[in-house]
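Here is a short tour of one chain, written for someone who likes cut-offs stated alongside the values. Have the structure open as you read.

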Amino acid sequence: MISSVKEEIRAYGRSIGLDCIGFANRWTLAAQDDRYEVYRALGYSSGFEEKEQQKRNDPQLSLNNCQTVIAAAIAYPHQEREKIAKQDRGRFAYASWGRDYHRVMSEKLCLLGEFCRHLWSDCHYQVMVDT
């Protein structure tokens, strides 16, 4: 993917509230086979990830003719955390603040997918959160 196109996608992502966007070609993921096994062996798996390693490493099993995977992230609300931490209140996990991030991310990733479709009319995308 051309660098200027990546920057255009990143800029659009920032405009809809995505804090970080990265790109990987499908062949790069296939080279990551060992990393997931180490990740699981160290107990880092949350249990929400795809269990079948082949599906994790070959995006074409989920989206035929996939060429590029776009990953995005949203940071937790650190400013709100600092403001609320000063108050005498109960404590909740930061991940539980606000709307369910699975829904938030799904909505934003759909917007990003449609933006990519605007750039390339033959673009196909599939939204996945916590895969």
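## Surface and burial

The chain has an accessible surface of about 9600 Å², and carbon and sulfur atoms account for 51% of that (Shrake-Rupley method, 1.4 Å probe; for residues, only the protein chains shown count as cover). Of the 131 residues in the chain, 17% are buried (buried is under 20% relative accessible area, exposed over 50%, and partly exposed in between, with a 1.4 Å probe and protein chains only).

Please keep in mind that this is a predicted model: local features need pLDDT of at least 70, side-chain atom pairs count only at pLDDT 80 or more, and totals for chains, interfaces and linings use all residues. Residues are numbered from 1 along each chain as its sequence is written, and side-chain values use heavy atoms, with hydrogens and water left out.

## Fold at a glance

The chain contains 6 helices and 2 strands, arranged from the N terminus as α-β-α-α-α-β-α-α. Both kinds of element are DSSP runs numbered from the N terminus: helices are H or I with at least four residues, strands E with at least two.

Taking contacts between residues at least 6 apart in sequence, 64% join residues at least 24 apart (a contact means heavy atoms within 4.5 Å).

## The nonpolar core

Which residues form the largest nonpolar core? Its 12 members are V5, I9, I16, L18, I21, F23, M105, L109, L112, F115, C116 and C123. Such a core is a set of buried Ala, Val, Leu, Ile, Met, Phe, Trp, Tyr and Cys residues joined through side-chain atoms within 4.5 Å. At least two residues of this core come from each of α1 (3-15), β1 (20-25) and α6 (101-119), and α6 gives the largest share, 5 residues.

Leaving aside residues up to four places away in sequence, I21 touches I9, R10, G13, I70, A71, A72 and L112.

## How α1 meets α6

The axes of α1 and α6 lie 10 Å apart at an angle of about 145° (axes are lines fitted to C-alpha atoms, for helices over the stretch in contact, and angles run from 0 to 180 degrees between N-to-C directions).

On the α1 side, V5, E8, I9, Y12 and G13 meet L111, L112, F115, C116 and L119 of α6. These contact residues divide into 8 nonpolar, 1 polar and 1 charged (Ala, Val, Leu, Ile, Met, Phe, Trp, Tyr, Cys and Pro count as nonpolar, Asp, Glu, Lys and Arg as charged, and the others, Gly among them, as polar).

## A backbone detail

N65 sits in the loop between α4 (53-57) and β2 (68-73). N65 has a positive phi of about 65° although it is not a glycine, and N65 is exposed, with a relative accessible area of 54%.
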